[in-house]
Amino acid sequence: MTQMRIIMTLKNFLLPLSSLATIACSSAQEQHPNIIYVFPDQFRNQAMAFWNEPEFAPHAGWQADPVRTPNLDNFAKESVVLSRAMSNCPLSSPYRGIFLTGMYPERSGITLNCMAERPESSLREDAVCISDVLSANGYSCGYIGKLHADFPTPNDPQHPGEYVSSRRPEWDAYTPPERRHGFSHWYSYGTFDVHKDPHYWDTEGKRHDPKEYSVKHETDKAIEFLRNTSGQRKADAPFFLALAYNPPHSPYESLDDCMEEDYNIYKDMSLSELYVRPNADTTLSKAGAARYYFANVTGVDREFGRLLKELKVLGLDKNTIVIFTSDHGETMCSQGTEDPKNSIYTESFNVPFIIRYPGRLRPHVDGTMLSSVDIYPTLLSLAGLGDKIPSSAEGRDLSPVLLGNGADCDVPQAVLYIRNVNGEQDADGLVHGVFPVARGIRTSTHTMEITINRDGSLKRVLMFNDKEDPYQMHNIDYKDNPELFRSLCDTLAIKLEEARDVWHRENTLEKALKSAHCLGN
Ligand code: CA
């Protein structure tokens, strides 16, 4: 190898400059693209201003939040923008499990949010993560920001034998090198919600407490990774960078939670100006949160813009796939619920998915329904590694859709929605198993969810016509619309089987329908 390199170096040295340029160009073309995957937490699809612009609005069918997102607006115009990307299990940890492993929660290991009372909900060590595949194929992989995929154990690198904080039950976690799945550069934590006093453990396990807005700090770290200031990545290899901002996740209650310059944009807006969705209940105690939530949306936008600018300055923009998405949305007073996520309502279920790959992806808006499980095979395929997708991956490769060759692939007819809650709790408070309380689907026209009681009987049916009722304000009575209900149940049954879901194995849907004498049973 060394001899080869010397010969190559000598050869290059002897070539005229024009030939050198040709070599550099051809090697760049042969190299797999870099990938930057940016996923702030709880960033709803509606919180991007471009959806109100003429070329985007007809694809949405609803009004965007009154937010300032100039960088995302420009980025969207250079990208494929999916209007119907859904988070199969719209919660932090289950989403991350799906994204990293390409498997539904039952197989990824992460069925519920990771915390110390749920020892069974943790990223499987033996899973082949997307970063495992990329690193095995020559990529330098870096993870910056919130991981929230590991069960917290007493493994604080600074205080061996202790949890990383004295909080009980513990939610935050330190991820040791053997659990990093191919990420050789590390600057991350489990979960922690103080946006201006974040902390991180680096590749060597050293803790950092930078005392500044986490989105800015993580962008600085991402820029250092791009610049490769201290050997964060192999200089001659493609890279994969996962950047997981925590904002605009809660808290969103005071100036401790966002940057004042961003808050000032929204501080004088009335509740009726802030809440443009007719399904929002501004009498909820949470109503004031929108100003801080939107401030963090703008903060994320600014820092994302700074990252893109640096990518361009470094000349890396052309051969880099950049994705902007989120783990789930935020209801923000819609549907009268205080719960920001973990529901099938579109504000929680629908996430941004904007992907830019200059020269390969023609910018357009696409209504294809993307499931979180599809991201893994789709990204690997776009990176030229379609033949390396492991058989464990459960989603579909939708790269033909993104490339504008949708006819070449089996376009999904629906997205599966999954909601689990705690299973049994033992005397020590530890949770064992999960109760799969609800399953649902989103099709190109409808949303349907079935919730069951602990005895398996039917508890509730939600059914919306998303085309005619984009704010989901009229729950269609399933008893009065048996044909529609049957058709959506049939689609749900297909998705449950496809996902090898516990509801399929245990005939849960059929039993629930029988319990309520639905569909003539
Ligand atoms: Ca989350």
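Which side chain makes a polar contact with the side chain of threonine 368? I looked this up in a predicted model, where local features need pLDDT of at least 70, side-chain atom pairs count only at pLDDT 80 or more, and totals for chains, interfaces and linings use all residues. Residues are numbered from 1 along each chain as its sequence is written, and side-chain values use heavy atoms, with hydrogens and water left out.

**Entry on threonine 368**

I found that the partner is the side chain of aspartate 366, at 2.4 Å. A polar contact is a pair of N or O atoms within 3.5 Å; within protein, one must be able to donate a hydrogen and the other to accept it, and residues adjacent in sequence count only if both atoms are side-chain atoms. Threonine 368 belongs to strand β11, residues 364-370. Strands (E, at least two residues) and helices (H or I, at least four) are DSSP runs, numbered from the N terminus. I noted threonine 368 as buried because its relative accessibility is 12%, and buried means under 20% relative accessible area (1.4 Å probe, protein chains only). Leaving aside residues up to four places away in sequence, threonine 368 touches Arg84, Leu398, Val401, Val411 and Pro412; contact means heavy atoms within 4.5 Å.

**Entry on the sheet**

I then traced an open sheet of four strands, ordered β12-β13-β14-β15 with antiparallel pairing. Two strands pair if DSSP finds at least two bridges between them. Its edge strands are β12 (414-425) and β15 (458-465), each pairing on one side only. I recorded seven bridges in the antiparallel pairing of β14 (residues 446-452) with β15. Threonine 451 has arginine 460, in β15, as its bridge partner.

Definitions and conventions. Buried means under 20% relative accessible area, exposed over 50%, partly exposed in between (1.4 Å probe, protein chains only).
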